[in-house]
Amino acid sequence: MGSRGPLAGAVLALAALALVPAAGATVRLLHNTFSPAYRAPFGAVPTGTTVTLRLRVTGAKPKAVALRVQAGDPVTDTSTLRTIKLKRHGSVWTATYRTPSKPSLVFYAFRVTTAGGVFWYGDDDSGTDIRKGGTGKTTRALGDGFQLKVYERGFTTPVWLQGAVVYEIFGDRFRNGDSGNDYCRAGSSSGCPTFYGSTPATVHPNWNEPLEDARATGVFNRDFFGGDLEGVTEKLDYLKSLGVDALWLTPIFKARSNHRYDTDDYLQVDPALGGDAAFAALAAAAKAHGIRLILDGVFNHTSSDSRYFDRYHRYPETGACESPSSPYRSWCEISGSDVPCTSYAAFAGLDTLPQLNDSNAAVRDFVYRGSDSVVRHWTARGADGWRLDAARELGHGWWTDFRNAVKSYAADAPLIGEVTAGPVDAGQYLLGTEFDGVTNYRFRQAAIGFARLTRWTDSSGDVPALRPSQLDHALRAVREDYPPQAAAVSFNLVDSHDTNRALYALTEPGDTFQVATERQQLVALLQFTSFGAPMVYYGDEAGIDAPGRSGFGDPYNRAPYPWRDASGNVDTYGPPADYMLSYYTRLGALRRSLPALRTGSVVPLFTGDTNSVRSDNDVYAFARVAAPNKPVIVVLNKGSGGEAAQIPLRGLYPNGTSLEEAPEGVVLQVRNGAAFVSAPPRGGVVLVSR
């Protein structure tokens, strides 16, 4: 396994390791990246940091022990290799390693030479969070290395986003504030466009009705409900009541599809969203409510129906696809001289999404460097930050230049990269030279896995059910990989417009709606009490019931929010579950009232499946600690029945302290350094001193 037990490493005493190995015995090796006895300091470190690394060797007597260190630069795709000799004290061998002066991805492994040959000790599976880091495995050949992320020493992230509550809004499906701008609605000011040649847009006559099943009709993203920015402005009081600090708006720029990830014009807000005036009004109102706006930047590709490419000849200027002499021709990678063009690089092989050439200076000037670049233009008009789409499709050189430019005129604007696929470790983008944070799909994998009792598989991948110790390990792996300031602003999501809805993913066979929503509440409790910025996908807080089909989330996850005062049948995806709204509201208030939940370090306390008591096998507990604020104790139970556990508090509260369930619940007394806690089924308890 990836670790001996989630808490064991921290209590190892080096004195107990000082045993001299016997000649001729089988070699036994141990290193634990989670334990300060073996690696200090923990996790990602700044450039020029001295890191102490230790290996315990027992059994066979070693002739020599060395550390193999490979430091790579993701921007230049180069690496250096060095070998460091370790010094012995009893059975413990120690090396001190000074990290490079430049941000780097460091991989290390131990080489032990004995009379029986050479042995290596490295990570046992760096591609799986429930095994990555912690302890490793012994092999005869060099295998998987332990990882150490080295970030820019001066790396900072916007304080306002650290631990903030983020709410994702899919513009067409949140709220219709002005039916007069709806596409294809009688009397509308926005008309009824066609896109990609001759595909007509359609409008739903009612808000509360089923969306188009594009996988049945074969036509995607053409149906509109009429959601707009005025609808968002109209509901700012509602969002504030949930404790929302920032809105992530999926693309708002002029586009042909309902998702708008196929931009037509980066410098215009889509008329069906209300145009530039609606954004100006929203920006002013959001600021008055203390809510920040994070826009979605789609800079890897544009639309084949855009003014820049113009495959269908809609614009007066000459698009890249219309002529080899177009001023936009070099913005794309087009082969041949056909007019209109027929062969070009496209995102995911979709001819509707021609890729932009990220090495082209004109593209860079237009997007982020110029005096009226896209990013500068909208920053001046109220955008507080950016979520950056398809981040892995663009090179590290683009993102380092992007960060340098944008931070020069918007230093406090967070840059959040979309890194999915797997999910994967995004650490290479979080070294202080590219993104501030990422959309943390690794958190989703862990949270959904913990709440489920059985494995879940869909189009987004495989989510195994996790025991408490596996959840603990997975979250430690994330915290080890990401600099703390980056983890603090990363969006800890459990669903999005790209995945199945959390409620659907958490519904086990035979579940009632009530039971499934209890699992969602458990996941939300973990979100709102964990590190990072908890992100809520619109409607989840109301228990929106929008199941996927045949394993796919898209387009079914993009159902309209089931407002009771909107037209149609509110039972289509609702009605809003009042108890869910109340629960999320309490979570938002809790996070706002307890500072440690936003900024505190994470201290693991208890994993019920690793002790000898069977009645608490489903319980996981941790603390959030941020002196001088009160430590917050969080106890979670994934089981189908209530479970009681004795939670060791690791000195966080002295004996006799009264701990109260927040807010205003049962009072417990700390005895023998522990709290005896009863956790409800598929639920949890949050405790603070009175």
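Predicted model: local features only at pLDDT ≥ 70, side-chain atom pairs only at ≥ 80, totals over all residues.

Trainee: How many helices and strands does the chain have?

Mentor: Helices (H or I, at least four residues) and strands (E, at least two) are DSSP runs, numbered from the N terminus. Here the chain has 15 helices and 38 strands. Its radius of gyration, taken over C-alpha atoms, is 27 Å, close to the 26 Å of the globule rule (2.2 Å times the number of residues to the power 0.38) for 690 residues, so the chain is as compact as a globular protein of that length.

Trainee: What share of the 690 residues counts as buried?

Mentor: Buried means under 20% relative accessible area, exposed over 50%, and partly exposed in between, with a 1.4 Å probe and protein chains only. By that criterion, 60% of the 690 residues are buried.

Trainee: In what order do the six strands of the open sheet stand?

Mentor: Strands of a sheet pair through backbone hydrogen bonds, either parallel or antiparallel. Two strands are counted as paired if DSSP finds at least two bridges between them. In this sheet the order is E31-E32-E33-E38-E35-E36, with antiparallel pairing. Strands E31 (601-607) and E36 (667-669) are at the edges with a single partner strand each, so one side of each has no neighbour in the sheet.

Trainee: Which residues stand opposite each other where E33 pairs with its neighbours?

Mentor: Strand E32 (residues 619-625) is joined to E33 (residues 632-637) by six bridges, and Phe-622 faces Val-634 in E33. On pairing with E38, E33 makes five bridges, and Val-634 is opposite Val-686 in E38.

Trainee: Is strand E38 mostly covered or mostly uncovered?

Mentor: Strand E38 (residues 683-689) is mostly covered, with six of its seven residues buried. E38 also pairs with E35 (residues 658-661) through three bridges, where Glu-661 stands opposite Leu-687.

Trainee: Which helix lies across E31 and E32?

Mentor: Axes are lines fitted to C-alpha atoms, for helices over the stretch in contact (heavy atoms within 4.5 Å), and angles run from 0 to 180 degrees between N-to-C directions. Helix H10 (residues 468-481) lies across both strands, at about 160° to E31.

Notes:
Residues numbered from 1 in each chain as written. Heavy atoms only, no water.
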